[in-house]
Amino acid sequence: MDLLNELRDIVGDGGVLTGEDLTTRAADWLGLSTCQAKAVIRPRSTAELSAVMQRCHAVRQPVIGTGGLTGLVHGTDAQGHEIQISFERMRSVISVDPVGRTMLVEAGTPLQVVHEAAAAHGLIYPVDLGSRGSCTIGGNISTNAGGNTVVRYGMTRDNVLGLEAVLADGTVISSLNTLLKNNAAYDLKQLFIGSEGTLGLVTRAVLKLYPQPLSEGTALVALDSFDAVMAFFAHCGRRLGGLLSSFEVMWQSHYELIAVNSGRHNPPLPGGHGYYAIVEATGTDAERDEALFAEVLGEALEQGHASDVVIAASKAQRAAIWGVREDIEGLFGALTPSCTFDVSMPIAAMDDYVLKLTAAAHAEWGADTRVVVFGHLGDGNLHILVAPRPWSAEAPHKVETLVYEPLRALGGSISAEHGIGLEKRAWLNVSRTPEEIALMHTLKAALDPLGLLNSGKVLR
C-alpha cells in the first residue's frame, strides 16, 4: 500500500486532497498561487495527526504545516515532493473557563471565532490582527503573531498558557497548562511558539483571556514631526497608563495613499501632515475613561504635540479609522510589485532610519520608487513596503540590503512578527548571533533529526 492510501485509511477519503482538489487550491491569501504539494492531509484530531506523522516519519516523507495562508514570508510554501498538513477540520472552541479566564481551542480555529467565543462570556482574547477572519490560532502560535494591542497585552507568546503539539515522529507533547503560575521545570510550550512548525505541529492551545473592557476610546491624531510623535506617545503613556491599548502610526506616505488618494475611504482627517497616530484606550469606567481620554488629547493639542484630532463617536467611526490602517489589500493593489517587510528597532531610531531608507531607494531607482511606512510604533514595529520602479528580478535583493543591513547597528530585528519562513533565512544573522543560530540547529536536530518538518524554512 502506498503512503497516500495509508494516510487515507487514517483520515478518511475527505482527509486527503489530490488532483484537481489540490491544483485549484490557493497557496496564499491573495490567491495568486496554487498549492504545489504532493497532497494535502486534513486530520480531524491530534490522534489522527500523530498517526499521520508516524507513517510519514517511517518513510521519511517531508511535511509542511499550514494555517490560514495569511503569512507574508512563504513560511508554508510546499514543493511537489512534500505533503501539506491543513488544520481546517480542527477548528473547534473546545471549552471556555470564565472564572479561570482560559479557553481551550484547536489549532485550525480562526482568530475571529476565538474573539466571538470569548465575547459570549464577557471576555476578550487580546491578540488582534487585521487578518483576524482568516488567520488561525495555530498559525498565530507558529509565528508568535503580534498585532494591534501588543503595547498593552504582549505578543501571542504572552497569551498562551499551554499547548499540545505532535513531533516529527508522531510523539504527542501534551502540555495543556491552565495555570498562570507553573514553574515546574522547562516551559516546553515556548519551543513551539514562534518556531514556524519546524519543531512540531501545534494541535491545541490554552489561551489566556481578560475581562471585556467597559470603555473604549479611539482617536486619529495628526502630527507634523517625529519629535511630536515621540512626545505624544510619552504623553499618552504618562496620562493613560495601563488604559493605553494601541498606538499605531501611519507615515504620510501610507495615510495619503490609502485614506486620501485611493478612493477606498473617506479620510477621517485631511492629508498634509507628516504622521497619523491611532490611539486607543480601554478601561472599566465608561464616563471617567471617556473624560480622561478627551482630556489627554486636548492636552496634546494645547502642548503643540498634535496638530489635529478626531475622536470616534461611534463604532462605525472607529471602524473607519481602523479601516485605513488595516487596508492591506488596498496597499498591495496600489504598490504591486513591491517588497514587504516587518522590522523592529528602538522608537527613537525610526525617523532617521526611514529617511535614510527612502533616500537610498530613490538614489538607486529614482523618485518614482515608493516607500510606504506604517506600524505598531508603540511596540517598536514598523511595516515597510518598497516598490522599485522600474521593477526587475534583481530589485528584491537590493531592497532587502537597504532595509536589513542598517538594523545591525541599531540592534533591530528583521522580523517583528511575521516570522522568517523562506524569505528571511539569509538575513537571520542580522538579528541573531552565530551562537544563537547554532543552538537553533541543535534544537532542530534533537526534535526533528530527519529534517521532515517545514524543511528549509527559518534555518538554512
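**Helix α9 and its cover**

I looked up what covers the buried residues of helix α9, and found that the cover includes β12 (215-223), β13 (244-251), β14 (275-283), α11 (315-325), α12 and β17 (370-375), where contact means heavy atoms within 4.5 Å. The buried residues of α9 (residues 252-260) are His254, Tyr255, Leu257, Ile258 and Ala259, with buried taken as under 20% relative accessible area, exposed as over 50% and partly exposed as in between (1.4 Å probe, protein chains only). I note for reading such a list that an α-helix has 3.6 residues a turn, so residues three or four places apart point the same way. Helices (H or I, at least four residues) and strands (E, at least two) are DSSP runs, numbered from the N terminus.

I keep in mind that this is a predicted model, in which local features need pLDDT of at least 70 and side-chain atom pairs count only at pLDDT 80 or more, while totals for chains, interfaces and linings use all residues. Residues are numbered from 1 along each chain as its sequence is written, and side-chain values use heavy atoms, with hydrogens and water left out.

**Aromatic pairs**

I searched the whole structure for aromatic pairs and noted nine; rings of Phe, Tyr and Trp (its six-membered ring) pair if their centres lie within 6.5 Å, and planes under 30 degrees apart count as stacked, over 60 as edge-to-face and the rest as tilted.

**An open sheet**

Which order do the four strands of the open sheet take? I read it as β1-β2-β4-β3, with mixed pairing, two strands being paired if DSSP finds at least two bridges between them. The edges are held by β1 (16-17) and β3, each with a single partner strand, so one side of each has no neighbour in the sheet. β1 pairs with β2 (residues 39-41) in the antiparallel sense over two bridges, and Val16 has Ile41 as its bridge partner in β2.

**Backbone checks**

I found a cis peptide bond between Thr336 and Pro337, with omega about 0 degrees, and placed Pro337 in the loop between α12 (328-335) and β16 (339-344). The bond from Arg389 to Pro390 is also cis, with omega near 0 degrees, and Pro390 lies in the loop between β18 (381-387) and α14 (395-410).

His74 has a phi of about 60 degrees and sits in the loop between β3 (63-66) and β4 (83-86), where its relative accessibility of 39% makes it partly exposed. Glu196, with phi near 55 degrees, is in the loop between α7 (189-192) and β10 (201-208). Is Glu196 buried or exposed? At 7% relative accessibility, Glu196 counts as buried.
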